[in-house]
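Colleague: I'm new to this one, and I'd like a close look at a single part of it. Here is what I have open.

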Amino acid sequence: MKLKQRVVLLAILLVIFIFTKVFLIDNLDTSAANREDQRAFHRMMAGLHVELDPRLEHTLQSPWEIAAQWVVPREVYPEETPELGAVMHAMTTKRIIKADVGYKGTQLKALLILEGGQKVVFKPKRYARDYVVEGEPYAGYDRHNAEVAAFHLDRILGFRRAPLVVGRFVNLRTEIKPVATEQLLGTFMTVGNNTCFYGKCYYCRETEPACADGDIMEGSVTLWLPDVWPLQKHRHPWGRTYREGKLARWEYDESYCDAVKKTSPYDSGPRLLDIIDTAIFDYLIGNADRHHYESFQDDEGASMLILLDNAKSFGNPALDERSILAPLYQCCIWQLCCNS
């Protein structure tokens, strides 16, 4: 073999060697990074795991007293919550001592008082798990399981702005009717062999009751926020008109965010950033129905936007409603840290 050929061959081998070494190092680095990602993921999952254990160690307080003490202007519950399982267990098991019609709203719900005096909101199951809600992104009844899923997504994202929610089965005949107010009791009926009720709300109709399976009804239970933290309701600046053929200003004015930034409470403080956080949250859960929102009263814009009423979510897994993200793509800002 001639010298020139040997040099060329040697150069080719050298290039192959270098590429092989770089590739192996990259693979090792990538594998190490993947392993670290997996460890971080497992640490996160371990932190999110909740054991519904009734025991409350190192305290004589009730679960309700503990949950009430968690609430601060920028959080409903803290990042470290060793008592969370006990509070959620109490929500699923404590005896119901009173049942009434739900607070004002458009959808069916019941207001329950659990043993120990804790208020909770019960939203009944209206759809099977695999039911797909067609039509507008805000169509259909509330989905009780959407409330549960949205609460846990709030935990995963680190927002900590959604009240605690659990699933619960209740016996309408033995647990609800004996302690129901006359107003709620008057909406009960029997359809076939099933106990049903239609409650009182804007869209509640005797012709559209929620029905148990026999007497057993599945639903979601949302923990009522402490009375010492009264809520203030606000119209969402990116709310819909809900009128066919009539658009809200944000739907046709791409500079709409500039106008919002000049109005209180969006001209200072964290409220506009909270609106954008909430838009991302709502996009992930498919909630296009946040026409109003709540904050704590007399907060001068400093309190968080509380993630209440998330039941118009997870209706259609095939639908990604881009308009939910309007606050994000019109304002082009994003809060990188959740509770600052």
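Modeller: D142 counts as buried because its relative accessibility is 10%, where buried means under 20% relative accessible area, exposed over 50% and partly exposed in between (1.4 Å probe, protein chains only). A word on the model: it's predicted, so local features need pLDDT of at least 70 and side-chain atom pairs count only at pLDDT 80 or more, while totals for chains, interfaces and linings use all residues. Residues are numbered from 1 along each chain as its sequence is written, and side-chain values use heavy atoms, leaving out hydrogens and water.

Now the site. An unreviewed UniProt entry lists D142 and D309 under "binding site"; such annotations may be inferred rather than shown by experiment. They span 168 residues in sequence, yet no two of their C-alpha atoms are more than 9.0 Å apart, so they gather at one spot.

D142 lies in the loop between β3 (118-124) and α4 (144-157), with helices (H or I, at least four residues) and strands (E, at least two) being DSSP runs numbered from the N terminus. Leaving aside residues up to four places away in sequence, D142 touches Q107, K123, R126, Y127, A311 and K312, contact meaning heavy atoms within 4.5 Å.

D309 sits in the loop between β10 (292-296) and α9 (326-331). At 38% relative accessibility, D309 counts as partly exposed. With the residues up to four places away in sequence again left out, D309 touches Y103, K123, E147, N287 and R290.
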